[in-house]
Amino acid sequence: MTSTRSVKGMNDLLPADSSKWQRVEQSLKSVLNSYGYSEIRFPILEKTELFRRSIGEVTDIVEKEMYTFPDRNDENLTLRPEGTAGCVRACIQNSLLNSGPLRLWYNGPMFRYERPQKGRMRQFHQFGVECFGMTGPDIDAEVIAMTAAFWRALGVAEAVTLEINSLGTSASRQAHKKALIEYFETHKSVLDEDSQRRLDTNPLRILDTKNPEMQDLVESAPKLSEYMDEESRIHFEGLCQLLDQLDISYRVNHRLVRGLDYYSKTVFEWVTDALGAQGTVCGGGRYDGLIPQLGGPETPALGFGLGVERLMLLVEEINPGFLQQQAVDIFVIASDQEVTQALQLAEKIRIAEPRLSVVVNCGGGSFKSQFKKADRSGAELALILGEDEVRESRVTLKYLREKKDQESLTLDEALNRLRSL
Ligand code: ATP
Ligand code: MG
């Protein structure tokens, strides 16, 4: 039976959970809307080269996490491991970058070949945001303020903290890189295999290590802030000031480097200790150099990715009430002879009150079994159509969750009653 099971680390989203996801997605979308963002959709598959060139060769993603395969024409394609590369590619290709600032968002599946565990899947989902054409730090602060608004909307603000850092410009990173290489060279015996390999190519990534035996070593490594150029320093101070003025608390974490090569200046993460090891819910930063590097016009940019699975776990843990939603409002019960009237009544209600969810008992059965189904559906109300009701053009309304007498109503009276639900 293994061929009829899903790919490891790729989960189904079942009806019991999909309504919870929809609630969370809806909240995020309404916050995005309130900040003036527009949605962009781009393919799940891109040429492998795009990710190699943007994310960087010496990164976890490109070295070992990408789903890459040749298509029938032997072109190398990759299932997107993140959204920024595809979004930037789409904006360059469609000449969106020449007509002023852009605020974009997207939501969809991403793919990484990782060891599946809680909060870490091979197919997972991200809400992503990318802003183009603004140098900051004002937009950096606004983007972070919007993420803070996400947490408030979902009732999880108490459980997340903001970490920020600046990676400086590529010139200051070069100077820092030299110092890092010298430092790690003198402590080479403490480096694990991954870090040894990265020593010459991407020593900054060594700072990101999760190896407990290397924590002391990286803690006392040369800090980028000591090599920071003037422009980046002013940018970062500006950001800190704006965050203070917007009442957003943060912690400066000098070791925050993020796992992708394209970042410069501002980087940030929202972390939680409510989810064990997979503590980063949202991460992003500025990537001013990426667009020209991919053949587009010189354009300042920043963005972030938010892992939806981790966010769902967090909301479930911190504010589960938010996820409880009445799936069905009204359940229509009818005797076998009155099925047509039941379908017609449901249509009328849906037209009059489109926000209500109306389910008709289809498939017949005794009143007793229909009431059981109504109860299980979670509906507030049952509308009952028997022979007597139809003859008198009335309907019986029964409250399924409250101790109230059932009532016999005309159709107009029933519709009026539903209006106030
Ligand atoms: P981590 O350090 O946890 O591996 P990352 O730095 O690789 O995260 P990003 O590339 O910054 O993650 O992606 C942004 C967000 O997407 C993460 O903060 C996380 O919430 C989510 N995410 C990343 N990888 C996975 C995964 N394999 N499964 C579920 N969510 C993920
Ligand atoms: Mg990762």
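Helix α6 passes helix α7 in a left-handed crossing, where left-handed means that the near helix is turned anticlockwise from the far one by less than a right angle, and right-handed that it is turned clockwise. Helices here are DSSP runs of H or I with at least four residues, and strands are DSSP runs of E with at least two, both numbered from the N terminus. This is a predicted model, in which local features need pLDDT of at least 70 and side-chain atom pairs count only at pLDDT 80 or more, while totals for chains, interfaces and linings use all residues. Residues are numbered from 1 along each chain as its sequence is written, chains are lettered from A and ligands numbered from 1 in the order in which they are written, and side-chain values use heavy atoms, with hydrogens and water left out.

The axes of α6 (residues 170-186) and α7 (residues 193-201) come within 9 Å and cross at roughly 140°. Axes are lines fitted to C-alpha atoms, for helices over the stretch in contact, and angles run from 0 to 180 degrees between N-to-C directions. On the α6 side K177, I181, F184 and E185 take part, and they meet L199, D200 and T201 in α7; contact means heavy atoms within 4.5 Å. By class, this contact has three nonpolar, one polar and three charged residues. Ala, Val, Leu, Ile, Met, Phe, Trp, Tyr, Cys and Pro count as nonpolar, Asp, Glu, Lys and Arg as charged, and the others, Gly among them, as polar.

The whole protein comes to 15 helices and 16 strands. Its C-alpha trace spans about 90 × 55 × 45 Å along the principal axes. Of the 421 residues, 51% count as buried, meaning under 20% relative accessible area with a 1.4 Å probe and protein chains only; exposed is over 50%, and partly exposed lies in between. Among contacts between residues at least 6 apart in sequence, 69% join residues at least 24 apart.

One open sheet has eight strands in the order β1-β5-β6-β11-β10-β9-β7-β8, with mixed pairing. At its edges stand β1 (38-39) and β8 (251-252), each with a single partner strand, so one side of each is left without a neighbour in the sheet. Two strands pair if DSSP finds at least two bridges between them. Strand β7 (residues 161-166) is joined to β8 by two bridges, and the two run parallel; E163 stands opposite R251 in β8.

Strand β11 (residues 301-307) has antiparallel neighbours. Seven bridges join β11 to strand β6 (residues 123-132), running antiparallel, with E130 opposite G303. Strand β10 (residues 280-286) is joined to β11 by five bridges, also antiparallel, and G284 stands opposite F304. Both faces of β11 are covered: A301, G303, G305 and G307 are buried on one side, and L302, F304 and L306 on the other.

Helix α4 (residues 84-93) lies across β5 and β6, at about 45° to β6. In helix α11 (residues 308-318), the buried residues include V308, L311 and M312. The buried residues of α11 pack against α1 (15-34), β5 (102-111), β6, α5 (138-154), β10 and β11. Helices α1 and α11 pack at an angle of about 105°, with axes 11 Å apart. That makes α1 roughly perpendicular to α11. K20, W21, V24 and L28 of α1 make the contact with V308, E309, L311, M312 and E316 of α11. Those residues divide into six nonpolar, no polar and three charged.

A further open sheet has three strands in the order β2-β4-β3, with antiparallel pairing. Its edges are β2 (45-47) and β3 (67-70), each with a single partner strand, so one side of each is left without a neighbour in the sheet. The twist averages 35° from one strand to the next. Four bridges join β3 to β4 (residues 76-79), and P70 has N76 in β4 as its bridge partner. Helix α2 (residues 48-55) packs on this sheet, touching β2, β3 and β4, and its direction makes about 75° with that of β2.

Finally, T340 lies in helix α12 (residues 339-352). T340 is partly exposed, with a relative accessible area of 48%. The C-alpha atoms of T340 and V308 are separated by 42 Å, and the two residues are 32 apart along the chain.

Terms used:
Angles under 35 degrees count as roughly parallel, over 145 as roughly antiparallel, 65 to 115 as roughly perpendicular and the rest as oblique.
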